[in-house]
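Please look through the structure below with its side chains in view.

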Amino acid sequence: MSKLIISLAIASLAVNNLVATEQPSDLRELTQDKAGQPLFVEEAVPQQHMIEFSLLQKQGELELRVEQKNGESCAYIGATSTPFTGKVERLQYQYGCYSGDLVNGKAHGQGKYYDKKGELRYEGELKAGNFEGKGKIYSEQGWRYEGGLKGGKLNGQGKLYSKNGKLQYEGGYKDSKWDGEGKVYYGSGQLKQEGEWKDGKFHGQGKCYREDGTLQHDGEFEDNEPNGPGKYYYKSGARYEGNFKAGRLDGQGKLFREDGTIYYEGSFNNDTFNGEGNLYFENGSLQYKGSFKDKKFHGQGKLYFENGVLQYEGESKDGKADGQGKCYFENGQLLYDGDLKDGKIHGQGRSYYENGALQYEGESKDGKAHGQGKSYLENGQLAHEGAFINGIPQPERVRDHETPIDQ
């Protein structure tokens, strides 16, 4: 036989790149919008509204003075110790002036605060010198808040508007931070996020949208990142359904192609296939079942033809057959049984013809018969027994017979 090259039908078991290249890590950028941070009351009006002011001020026929006692500001009538109750048109204090109701010397009821430049900073309800009830806060930076207040902080339902007057957030507040159900908007007015918030962060059930209005993520969040069960929708139309951890695909999940057919189901880690899983053809039939490492076949597994017939079973490494394994023809007949390395037969093994007859048994290297072995014709007749080099049988050496003279 002039040349016998034994090579695998499966040269490589690398996973085809059918997954959309966009990774869901961009969710972290979506949820950490600096411009959308909650507005704190301190940015608009100082908490100490009426600081000690030494001059007496005319208020109609009354002279009022503002003093600070026990850490609290109070308005008094003239030189007396009688706190003032009534309306004031313009009562100055260290940071500007106040206009509105006073009860027992403190802002209480409806009122307005202005800064030193005369710019309105707050208008609404007050109680004992604090923002309490419904009101509007105007920030020096141009932001505006409208909604509930308690104890001088944003509390309850409210709305936050950006410098250009666009609604940026609407929903629950607690101690001046987003808390409870709420919605965040892009500058264009398109809905960006909706769901649960806690201590100023996206936390609980929520949805994220792209600026074109398409849904990007639907699931659980923790500290602004997807964490727990959820669904991620790629721009390409592919989607992922399963578990997230710290914003990445992690745990059990399913990946679907753009046409909705399932591509992969199993274990994920660091946004890709890691662990046990199944890979599918577009027609829905199983393509591979076994172990993965960084999106490649790695460990024990089974590879199938598209018609469902087993193609390979055994060990793999870095996406290629490596270790002990068996390869099969598309008719289901055994092709090879033995050692493999880097996707090729390498070591001890047996290869077969498609009719099931033994073709070769022995040593191989880099996909070719190499070393000691036996090759057979398709009818079962022994073709060569002995040494092979790079798939070529080597002739038997004839031993030189010693002559009597040499003895």
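Over the ring of which residue does the charged end of R239 sit? The charged end of R239 sits over the ring of F256, 4.0 Å from its centre; a charge is said to sit over a ring if NZ of Lys or CZ of Arg is within 6 Å of the ring centre and within 35 degrees of the ring normal. The model is predicted, and for this reason local features need pLDDT of at least 70 and side-chain atom pairs count only at pLDDT 80 or more, while totals for chains, interfaces and linings use all residues. Residues are numbered from 1 along each chain as its sequence is written, and side-chain values use heavy atoms, with hydrogens and water left out.

**Charged pairs**

A search of the whole structure finds nine salt bridges, where a salt bridge is a side-chain nitrogen of Lys or Arg within 4 Å of a carboxyl oxygen of Asp or Glu.

| Salt bridge | N to O distance |
|---|---|
| E146 and R144 | 2.8 Å |
| D199 and K177 | 3.3 Å |
| R350 and E361 | 3.2 Å |

R350 counts as partly exposed at 41% relative accessibility, whereas E361, at 18%, counts as buried. Here buried means under 20% relative accessible area, exposed over 50%, and partly exposed in between, with a 1.4 Å probe and protein chains only.

R144 also has its charged end over a ring, that of Y161, 4.1 Å from the ring centre.

**Aromatic pairs**

The search of the whole structure also finds 23 aromatic pairs, which are rings of Phe, Tyr and Trp (its six-membered ring) with centres within 6.5 Å, counted as stacked if the planes are under 30 degrees apart, edge-to-face if over 60 and tilted for the rest. The rings of F273 and F292 have their centres 5.6 Å apart and their planes at 75°, so the pair is edge-to-face. F273 lies in strand 20 (residues 272-280) and F292 in strand 21 (residues 286-293), so this pair ties together parts that are 19 residues apart in sequence. Both F273 and F292 are buried. They also belong to a cluster linked by ring pairs, whose members include Y240, F244 and Y263.

How values were computed: Helices (H or I, at least four residues) and strands (E, at least two) are DSSP runs, numbered from the N terminus.
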